Amino acid sequence: MQEEQILLLKQSWSYVLLQGDKIGELFYQTLFWDDPSLRFLFGTDLSGQVRKFMDMMTFIVANLQNIEAYEPELRALAQRHVQYGVLSVDYDTVGDSLLKTLATMLQEQWTPATETAWRKLYQTITRTMLNSLKSPK
Ligand code: HEM
């Protein structure tokens with residue numbers, strides 16, 4: 001991850017956080033619109049899930065400089081997602097919905113460079129999670 005990309009991710013995520021829980025709500029709305037079958041994987045009350053997702057993203061964005069440091073957390077997260085019934089293909093759907101949501105939230109701040117930085121971050125997280133399932137330590 002380049003310095004400039006780290007800066008763009010931190011700036012854009014801070015802007016998103018200024019708008020409270022909006023990203024979480026909008027993200028799940030977008031996701032269930034894109035693939036309604038995924039709704040059944042989640043419990044009925046999404047509010048706790050919105051908070052956990054936002055906290056995890058905040059943690060990741062705060063620690064972008066050394067992504068290796070939280071590899072153990074991502075491996076454990078991947079294992080838990082298998083228990084939730086999440087399939088590898090679902091990671092693409094979630095990634096698309098996340099990028100769409102960020103684009104809506106960030107409006108004119110959603111520049112091609114910001115989009116590239118988010119795409120790269122999501123790919124890095126997903127690769128770490130899915131690779132760990134192929135070769136569990
Ligand atoms: C970048 C990838 C992802 C991150 C960072 C992430 C983050 C999280 C976090 C922090 C939780 C809270 C529970 C826990 O820590 O185990 C969670 C739960 C969950 N996630 Fe994810 N997730 C990701 C990808 C996905 C994908 C691709 C799906 C597929 C639809 C998904 C579906 C779920 C479900 C069903 C739960 C459990 C909700 C419940 O208990 O009702 N996640 N996720």
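**Entry 1**

I began with Q107 and found Q107 in the loop between α5 (88–106) and α6. I took helices (H or I, at least four residues) and strands (E, at least two) as DSSP runs, numbered from the N terminus. The model is predicted, so I kept to its limits: local features need pLDDT of at least 70, side-chain atom pairs count only at pLDDT 80 or more, and totals for chains, interfaces and linings use all residues. I number residues from 1 along each chain as its sequence is written, and side-chain values rest on heavy atoms, with hydrogens and water left out.

I looked up the backbone of Q107 and noted a positive phi of about 45°, although Q107 is not a glycine. Most residues other than glycine have a negative phi. Q107 is exposed, with a relative accessible area of 55%. Here buried means under 20% relative accessible area, exposed over 50%, and partly exposed in between (1.4 Å probe, protein chains only).

**Entry 2: the chain as a whole**

I counted six helices and zero strands in the protein chain; read along the sequence, the pattern is α-α-α-α-α-α. The radius of gyration is 15 Å, close to the 14 Å that the globule rule gives for 137 residues, so the protein chain is as compact as a globular protein of that length. That radius is taken over C-alpha atoms, and the globule rule is 2.2 Å times the number of residues to the power 0.38. Along the principal axes, the C-alpha atoms fill a box of roughly 35 × 35 × 25 Å.

I noted that 37% of the 137 residues count as buried. The protein chain exposes about 8100 Å², and carbon and sulfur atoms supply 57% of this area; the areas come from the Shrake-Rupley method with a 1.4 Å probe, and for residues only the protein chains shown count as cover. Among contacts (heavy atoms within 4.5 Å) between residues at least 6 apart in sequence, 77% join residues at least 24 apart.

**Entry 3: aromatic pairs**

I found eight aromatic pairs in the structure. Rings of Phe, Tyr and Trp (its six-membered ring) pair if their centres lie within 6.5 Å; planes under 30 degrees apart count as stacked, over 60 as edge-to-face and the rest as tilted.

I examined W13 and W118 among these pairs: the ring centres are 5.9 Å apart and the planes stand at 50°, so the pair is tilted. Because W13 lies in helix α1 (residues 3–17) and W118 in helix α6 (residues 112–134), the pair ties together parts that are 105 residues apart in sequence. W13 is buried, with a relative accessible area of 2%, and W118 is buried at 1%.

I then turned to F27 and F53, whose ring centres are 4.9 Å apart with planes at 5°, so the pair is stacked. This pair links distant parts of the chain, with F27 in helix α2 (residues 22–34) and F53 in helix α3 (residues 47–62), 26 residues apart. Both F27 and F53 are buried. I recorded one aromatic cluster formed by F27, Y28, F32, F42 and F53.

**Entry 4: T58**

I placed T58 in helix α3. At 30% relative accessibility, T58 counts as partly exposed. Leaving aside residues up to four places away in sequence, T58 touches W13 and L17. I also checked T58 against D92: the two are 34 residues apart in sequence and 21 Å apart in space, C-alpha to C-alpha.
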